[in-house]
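Thanks for asking me to look this one over. Could you keep the model open beside you while you read my notes?

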Amino acid sequence: MFYELEFRSRLARETKKVSKEARKKGLAEGRKEGRKEGRKEGRKEGRKEGRKEGRKEGLTEGWVKGEKRVVCDMISRLTAKGYSKQDVITAVTELTHFTVEEATVLYDKLFVK
């Protein structure tokens with residue numbers, strides 16, 4: 001009977017020890033898998049956000065370049081029709097969102113050498 005009690009006591013301690021170790025190991029594996037999965041999801045979200053931001057920046061950049069081209073064309077046409085530099089710059093600033101300084105810089109780039 002004594003041996004049986006001793007056996008059960010040791011068995012209980014070993015079971016508790018093994019259970020504790022298994023729990024530790026399971027938590028470590030879970031953390032490892034969680035990190036791996038988290039990185040994967042993070043990359044996916046980052047790519048999606050990056051593409052969205054890139055599109056927005058690209059459209060903005062394209063719009064600015066296109067608008068600049070239109071204004072340069074406007075300056076060229078008005079100058080070709082004989083308008084003065086001041087009249088051209090006034091027309092550009094009234095018809096677009098360009099400032100006097102921006103319009104002057106474009107005019108000078110096109111006609112002042």
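My points follow, going from confidence to the core, then to pairs of side chains.

1. First, the ground rules. This is a predicted model, in which local features need pLDDT of at least 70 and side-chain atom pairs count only at pLDDT 80 or more, while totals for chains, interfaces and linings use all residues. Numbering starts from 1 along each chain as its sequence is written, and side-chain values use heavy atoms, with hydrogens and water left out.

2. On confidence: pLDDT is the predictor's own confidence in each residue, on a scale from 0 to 100. The protein has a mean of 86, and 96% of its residues reach 70 or more. Confidence is lowest in H1, with a mean of 84, and highest in H2, at 95. Helices here are DSSP runs (H or I, at least four residues), numbered from the N terminus.

3. Now for the core. A nonpolar core is a set of buried Ala, Val, Leu, Ile, Met, Phe, Trp, Tyr and Cys residues joined through side-chain atoms within 4.5 Å. For burial, the cut-offs on relative accessible area are under 20% for buried, over 50% for exposed, and partly exposed in between (1.4 Å probe, protein chains only). The largest such core has twelve residues: Val71, Cys72, Met74, Ile75, Leu78, Val88, Ile89, Val92, Phe98, Ala103, Leu106 and Tyr107. Helix H1 (2-80), H2 and H3 each supply at least two residues of this core. H1 gives the largest share, five residues.

4. Contact means heavy atoms within 4.5 Å. Not counting residues up to four places away in sequence, Leu106 touches Lys68, Val71, Cys72, Ile75 and Phe98.

5. Which two helices does the loop holding Thr96 lie between? Thr96 sits between helix H2 (85-95) and helix H3 (100-111). A polar atom of its side chain lies 2.5 Å from the backbone oxygen of Val92, and the Thr96 side chain also reaches the backbone nitrogen of Phe98 at 3.1 Å. For reference, a polar contact is a pair of N or O atoms within 3.5 Å; within protein, one must be able to donate a hydrogen and the other to accept it, and residues adjacent in sequence count only if both atoms are side-chain atoms. Leaving aside neighbours within four places in sequence, Thr96 is in contact with Val71 and Met74.

6. How many salt bridges does the structure hold? There are three, a salt bridge being a side-chain nitrogen of Lys or Arg within 4 Å of a carboxyl oxygen of Asp or Glu. One joins Lys65 and Glu61 (3.4 Å, N to O). These two are four residues apart in helix H1, which means a separation of about one helical turn. Lys65 is partly exposed at 47% relative accessible area, and Glu61 is partly exposed at 47%.

7. Another salt bridge pairs Asp73 with Arg77 (2.9 Å, N to O). Both residues lie in helix H1, four residues apart, about one turn of the helix. Asp73 is partly exposed at 37% relative accessibility, whereas Arg77 is exposed at 55%.

8. Asp108 forms a salt bridge with Lys85, with the closest N and O atoms 2.8 Å apart. Asp108 is in helix H3 and Lys85 in helix H2, so the pair ties together parts that are 23 residues apart in sequence. Asp108 counts as partly exposed at 26% relative accessibility, as does Lys85 at 32%.

9. A search of the whole structure finds one aromatic pair. The ring centres of Tyr107 and Phe111 are 5.1 Å apart and the planes are at 45°, so the pair is tilted. By the rule used, rings of Phe, Tyr and Trp (its six-membered ring) pair if their centres lie within 6.5 Å; planes under 30 degrees apart count as stacked, over 60 as edge-to-face and the rest as tilted. Tyr107 and Phe111 both lie in helix H3, four residues apart. Tyr107 is buried, at 10% relative accessible area, while Phe111 is partly exposed at 35%.

10. Finally, two lysines for a look at distances. Lys109, in helix H3, is exposed at 57% relative accessible area, and its C-alpha atom is separated by 60 Å from that of Lys32, 77 residues apart along the chain. Lys48, in helix H1, is exposed at 61%. The C-alpha atoms of Lys48 and Gln86, 38 residues apart along the chain, are separated by 47 Å.
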